[in-house]
Amino acid sequence: MAEQRVASSGLTRVAIVTGAGSGIGRATAELFAARGHFVVAVDLTDDALAWVADMADVADVADIVPFAGDVADDVTAATMVSIAIDRWGRLDAAVLNAGIVGGPGFEEPGALERFDRMIAVNVRSIVSGIRHCAPAMRRSGGGAIVATASTSGLGGDRGNWAYNASKAAVINLVRAAAMDYGSQGIRINAVAPGPTETGMTVGLQRMPALHAAMLRRVPLQRWGQPSELAEAIWFLASPAASFIHGVLLPVDGGLSANAGHYDPPELPAANLADPG
Ligand SMILES: NC(=O)c1ccc[n+]([C@@H]2O[C@H](COP(=O)([O-])OP(=O)(O)OC[C@H]3O[C@@H](n4cnc5c(N)ncnc54)[C@H](O)[C@@H]3O)[C@@H](O)[C@H]2O)c1
């Protein structure tokens, strides 16, 4: 975007969102921009961020700058912060959301290499994000960081140990970082999405038996939408959450409240009809 626009509020608030090419990250970047933030939208490729160009002419949307980089690389975090500071002079919020799912069986060839990659993308990226965002937030008078964890970090799923382990690490990393940064005016929290309809879960959505089995475990009896995660992230990053620090907020239709001792064999048809 060539021209910088001024948020309609007249107040410059600046946010970074990683994994902004799709799903929860894209919905979050769009929401922050629609509510007056200047946004650095980060994803792996320029193609993933092509949607940003379409926002150029949308009225009442503050500026969004795309930046292609791999969050597993510490340079990406350094650069995304530099973009925010060079362009707008401050940083108020960082949504460290990029992640990958899947993973090998324990005994598969290459399991350790794939695990290392998952940890680098899902966990080390949060460390990089905090390391580089926090100094800029201190200079801005404080800030808020929100990491995307997962209900998968609360326990185990068969065949999903690498992802389960990575998201469990995110949850406690956020708690630990909150201990270090609270006194510096930087709040750090996490959201734990349950099953959410995004690019990441397209495959699952197309497997009727698995989809239905997952649905049965969600008390609200539907999957979440990216916009519902974006609203929770917005809240945690906003002044409305000014005394909320070091928490994991499940945004999961009640999945994590389910003791999991049994799944009802089928849902009443009425519950499947309305996602509202
Ligand atoms: N969709 C779900 O059901 C669900 C549930 C729990 C947690 N989550 C978490 O939510 C977050 C967002 O996932 P989503 O569901 O929106 O998935 P998504 O695949 O739709 O979006 C994730 C985005 O992250 C980007 N990304 C992946 N690796 C990257 C890297 N190394 N560097 C930069 N960008 C990278 C992808 O290109 C993609 O655009 C992830 O951390 C995911 O683990 C999702």
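**Notebook: ligand shell, sheet and helices**

I started at the ligand: helix H1 (residues 23-34) gives the largest share of its shell, 3 residues. Helices (H or I, at least four residues) and strands (E, at least two) are DSSP runs, numbered from the N terminus. The model is predicted; local features need pLDDT of at least 70, side-chain atom pairs count only at pLDDT 80 or more, and totals for chains, interfaces and linings use all residues. Residues are numbered from 1 along each chain as its sequence is written.

I listed 28 residues around the ligand, and Gly19, Gly23, Gly99, Gly199 and Met200 come nearest. Near means a C-beta atom, placed from the backbone, within 6 Å.

Next I looked up the sheet. It is open, has 7 strands in the order E3-E2-E1-E4-E5-E6-E7, and its pairing is parallel. Strands E3 (64-68) and E7 (248-251) are the edges, each pairing on one side only. I counted a pair where DSSP finds at least two bridges between two strands. E2 (residues 37-43) and E3 share 5 bridges in the parallel sense. Asp43 has Ala68 of E3 as its bridge partner.

Then I turned to H4 (residues 111-139). Its 29 residues should span 42 Å at 1.5 Å a residue, and the end C-alpha atoms are 42 Å apart, so the two agree. The expected span is 1.5 Å times one less than the number of residues. I found a bend of about 40° at Ala120 in H4. That bend is the angle between axes fitted to the seven residues ending there and the seven starting there. Gly141 follows H4 with a positive phi, near 90°.
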